[in-house]
Amino acid sequence: MSFYPSEKIQKRLLRAVKSHGTPLYVYNGDQIKHQYRRFEDAFDFKNVEIHFATKALTNMRILQLLKSLGAGLDAVSIQEVKMGLMAGFTPEDIIFTPSGIGIDEYKEAIDLGVRINIDNLEVLEYFGLHFKGIPIGIRINPHVMAGGNPKISVGHMDSKFGISVYQMPMVHRLVESLGLRIEGLHMHTGSDILDIGAFLQASEILFGVAESFEDLSYLDFGSGFKVAYRENDIETDIEELGKALSQRFKTFCTAYGKDLKLILEPGKYLVSNSGYFLVKANWIKQTTSNVFAQVDSGFNHLIRPMFYGAHHEILNLSNTGEKSRVYSITGYICETDTFAVNRVIPEISSGDILCFLNAGAYGFAMSSNYNSRLRPAEVLLEGKDGMTLIRKRESLEDLLRLQVF
Ligand SMILES: *Cc1c(COP(=O)(O)O)cnc(C)c1O
């Protein structure tokens with residue numbers, strides 16, 4: 001499959017803009033299906049559970065689509081848990097792996113019956129003292145540096161996530177003295193992992209810890225699988241990783257004497273390349289040093305370039321001609337708001353529709369109302385011609401709805 005959207009998809013994106021305006025997020029449901037099947041097929045193991053990381057793209061229709069494909073959910077807040085239940089997931093389908101939340105939120109999760117991973121010794125002790133008998137998982141910090149950049153690498157020594165592998169003696173002390181029921185172990189080392197070796201190395205640490213627990217039912221390896229952000233960009237070789245991990249997992253289960261579930265929590269891998277963010281060029285502004293294409297959006301709608309330095313390919317859907325120029329693409333937010341610099345793009349005129357690729361994950365989900373801007377609408381493409389509005393564009397009333405004056 002080509003990195004760039006086909007001509008047919010480009011036409012459908014323009015049709016979506018015609019119906020719903022800009023700025024607009026559009027997701028190709030068939031692409032999500034494709035990624036899901038590819039991920040599923042990569043693991044040659046019957047006891048695999050794929051839990052979509054809700055935070056990557058939190059739209060009820062998308063959650064329902066993933067449910068129909070057989071996915072479970074990874075939730076990091078009680079609101080994600082509740083939305084998952086509303087979307088039709090059962091409590092067993094949902095794994096709740098929060099960090100630093102209060103005890104009331106844990107109580108709600110217990111009442112709702114979802115699976116819970118604990119990532120703090122103090123919380124573990126609290127569970128042992130107050131919620132005896134509730135089966136729980138433990139999030140391990142394997143102390144492996146992996147991931148695309150420090151902001152998204154979460155499994156290393158300085159990370160706030162997980163219980164250190166060096167603290168396992170304390171964990172066992174709590175388990176024994178408080179009668180805790182540990183049913184699973186979890187790790188999530190970060191995002192944009194390229195080095196399968198680093199992932200497998202962290203997995204070895206998890207296997208090592210797992211040996212010391214008697215009655216586990218799952219091992220959860222989290223996520224961090226990278227996708228291509230440019231043509232010919234390297235991505236996680238999911239087939240190779242799937243093969244190696246499945247193989248190793250089977251050997252582990254044999255030695256452990258029980259068939260455990262292998263759980264994975266892909267977010268970005270399942271939805272990133274299904275998503276397109278469409279904006280309109282308002283003006284072309286020539287300065288002494290730059291040609292700026294000023295678009296009708298900003299980092300309030302797509303924060304990844306400013307926040308992570310992420311690269312998103314940008315197409316001019318209105319002009320696919322030969323003549324290109326070098327542009328900086330900027331937003332309308334009143335502070336530095338740069339989507340891209342020095343991009344060679346077919347000549348942009350006022351009114352042209354530009355399309356950001358890889359906008360499915362952490363796009364709309366991280367959007368805000370900064371500068372009192374309205375958040376975009378979302379559209380889902382499915383089948384040959386299907387086009388469904390799955391979130392309405394915000395209005396001024398939405399901005400004011402909760403303000404008291
Ligand atoms: C964010 C997150 C994921 C998903 O990460 P991706 O890089 O989007 O695949 C999975 N598990 C947990 C616990 C997370 O916090």
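Start in the middle: the largest nonpolar core has 103 residues, and those touching the most other members are Leu124, Phe127, Leu185, Phe213, Leu219, Phe221 and Ile329. A nonpolar core here is a set of buried Ala, Val, Leu, Ile, Met, Phe, Trp, Tyr and Cys residues joined through side-chain atoms within 4.5 Å. Buried means under 20% relative accessible area, exposed means over 50%, and partly exposed is in between (1.4 Å probe, protein chains only). Apart from this core lies another one, of 16 residues, including Leu278, Leu317, Cys355 and Val379.

Before going on, a word on what you're looking at. This is a predicted model, where local features need pLDDT of at least 70 and side-chain atom pairs count only at pLDDT 80 or more, while totals for chains, interfaces and linings use all residues. Residues are numbered from 1 along each chain as its sequence is written, and side-chain values use heavy atoms, with hydrogens and water left out.

Back to Phe213. Leaving aside residues up to four places away in sequence, Phe213 touches Ile138, Met168, Val171, His172, Val175, Ile182, Leu185 and Tyr256 (contact means heavy atoms within 4.5 Å).

Now look at strand 1, residues 24–28. Helices (H or I, at least four residues) and strands (E, at least two) are DSSP runs, numbered from the N terminus. Five of the five residues in strand 1 are buried, so the strand is largely enclosed by the rest of the structure. Both of its faces are covered, with Leu24, Val26 and Asn28 on one side and Tyr25 and Tyr27 on the other. What are its neighbours? Strand 1 runs parallel to strand 17 (residues 377–382), joined to it by five bridges, and Tyr25 stands opposite Glu378 there. Strand 1 also pairs with strand 11 (residues 275–286), in the antiparallel sense and over four bridges; Leu24 has Leu278 as its bridge partner in strand 11. Pairing calls for at least two DSSP bridges between the strands.

On to the charges. Side chains of opposite charge can pair when their charged atoms come close. A search of the whole structure turns up 16 salt bridges, each a side-chain nitrogen of Lys or Arg within 4 Å of a carboxyl oxygen of Asp or Glu. One of them joins Asp44 and Lys250 at 3.3 Å, N to O. This pair links distant parts of the chain, 206 residues apart: Asp44 is in the loop between helix 2 (29–42) and strand 2 (48–53), and Lys250 is in helix 9 (residues 238–256). Lys250 counts as partly exposed, at 31% relative accessibility.

Asp215 and Lys258 also meet in a salt bridge (2.9 Å, N to O). They sit 43 residues apart, Asp215 in the loop between helix 8 (196–210) and strand 9 (218–220), Lys258 in the loop between helix 9 and strand 10 (261–264). Asp215 is exposed at 54% relative accessibility, whereas Lys258, at 29%, is partly exposed.

Then there's Glu347 with Lys323, whose closest N and O atoms are 3.2 Å apart. Glu347 is partly exposed at 24% relative accessibility, and Lys323 is exposed at 52%.
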